Amino acid sequence: MMDRREPLDQIKSRRDSALSALVSGVPYLTWMGIRFDRRGDELTAILPYDEKLIGNPLLPAIHGGVTAAFLETAAIIELAWTAMWEDLESGRIVPDAAVTDSLPRLPKTIDFTVDYLRSGLPRDAYARARVVRSGRRYASVQVEAWQDNRARLLAQATGHFLMPQG
């Protein structure tokens, strides 16, 4: 059990290290530039603008596949983060990117449906996922992505995932 008197900077460092280890386990996130902002147990995925993400240079607009991948990875990381939170806080797990066995296995996508609501402009995008249901074998997650204004969504998605066993 974690010490309730643990200094705040150690708590933040432990949580940030765990999130970094989780994200670094997916090299595709690094290539796309996706990173995560953590506030307590809440994550916001950030997709910084990069010209390589543009699908239609005439508009220009972010490629639909990039948008879908951004939403799906936000959902998977949120689901894994939610699943490991209690174990992380209790000290039962201490994820370390350098130690492969310390990282939790990621959920596998069963299906993922994206609703494209507007063209992605050449600027940063943000996403937040919400775990709707999470059981031992199956989980359902909803994700919303936006750019400048959270009320004007870029896209939204619903995904169903097979949870890792063991």
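In which strand is the place of Ser 140, and what is around that strand?

Guide: Ser 140 has its place in strand β7. Before we go further: this is a predicted model, where local features need pLDDT of at least 70 and side-chain atom pairs count only at pLDDT 80 or more, while totals for chains, interfaces and linings use all residues. Residues are numbered from 1 along each chain as its sequence is written, and side-chain values use heavy atoms, leaving out hydrogens and water.

A quick word on names: helices (H or I, at least four residues) and strands (E, at least two) are DSSP runs, numbered from the N terminus. Two strands count as paired if DSSP finds at least two bridges between them.

Back to your residue. Ser 140 is buried, because its relative accessible area is 10% (buried means under 20%, exposed over 50%, and partly exposed in between, using a 1.4 Å probe and protein chains only). Skipping residues up to four places away in sequence, Ser 140 touches Arg 130, Val 131, Val 132 and Arg 133, and also Thr 158, Gly 159 and His 160 (contact means heavy atoms within 4.5 Å). One of those contacts is also a bridge partner: Arg 133 is paired with Ser 140 in β7.

Now zoom out to the strand itself. β7 covers residues 138-146, and nine bridges join it to β8, residues 153-162, with the two running antiparallel. Along that pairing, Ala 145 stands opposite Ala 155 in β8. β7 also pairs with β6, again in the antiparallel sense, over eight bridges, and a hairpin of three residues links β6 to β7.

Ser 134, another serine, lies in strand β6. With 44% relative accessibility, Ser 134 counts as partly exposed. Apart from residues up to four places away in sequence, Ser 134 touches Leu 79, Ala 139 and Met 163. For a sense of distance, its C-alpha atom is 32 Å from that of Leu 53, which is 81 residues away along the chain.

Six strands make an open sheet in the order β1-β2-β6-β7-β8-β5, with antiparallel pairing. β1 (35-39) and β5 (108-116) stand at the edges with a single partner strand each, so one side of each has no neighbour in the sheet. From one strand to the next, the twist averages 25 degrees. β2 and β6 run antiparallel too, joined by three bridges, and there Leu 47 has Ala 125 as its bridge partner in β6.

A helix lies across part of this sheet. Helix α1 (residues 8-24) lies across β1 and β2 (42-47), running at about 155 degrees to β1 (axes are lines fitted to C-alpha atoms, for helices over the stretch in contact, and angles run from 0 to 180 degrees between N-to-C directions). Arg 15 has its place in α1 and counts as buried, because its relative accessibility is 18%. Leaving aside neighbours within four places in sequence, Arg 15 is in contact with residues including Arg 38, Trp 81 and Trp 85.

On a 1 Å grid over the protein atoms alone, a pocket is an open set of points with protein on both sides within 12 Å along at least five of seven lines; a cavity is a set where a 1.4 Å probe fits but cannot get out, and lining residues have an atom within 4 Å of a point. Grid points are joined across faces, edges and corners, and a volume is the space filled by probe spheres set on the points. Of the 15 residues lining this pocket, Arg 128, Ala 129, Arg 130, Gln 142 and Arg 150 are the closest to its centre. β7 turns up here as well: β2, β6, β7 and β8 are the elements that give two or more residues to the lining.

The search of the whole structure also finds one cavity of 30 Å³ or more. Residues lining the largest cavity include Phe 36, Glu 78 and Arg 128, while β2, α3 (64-90) and β6 (125-134) each supply at least two.
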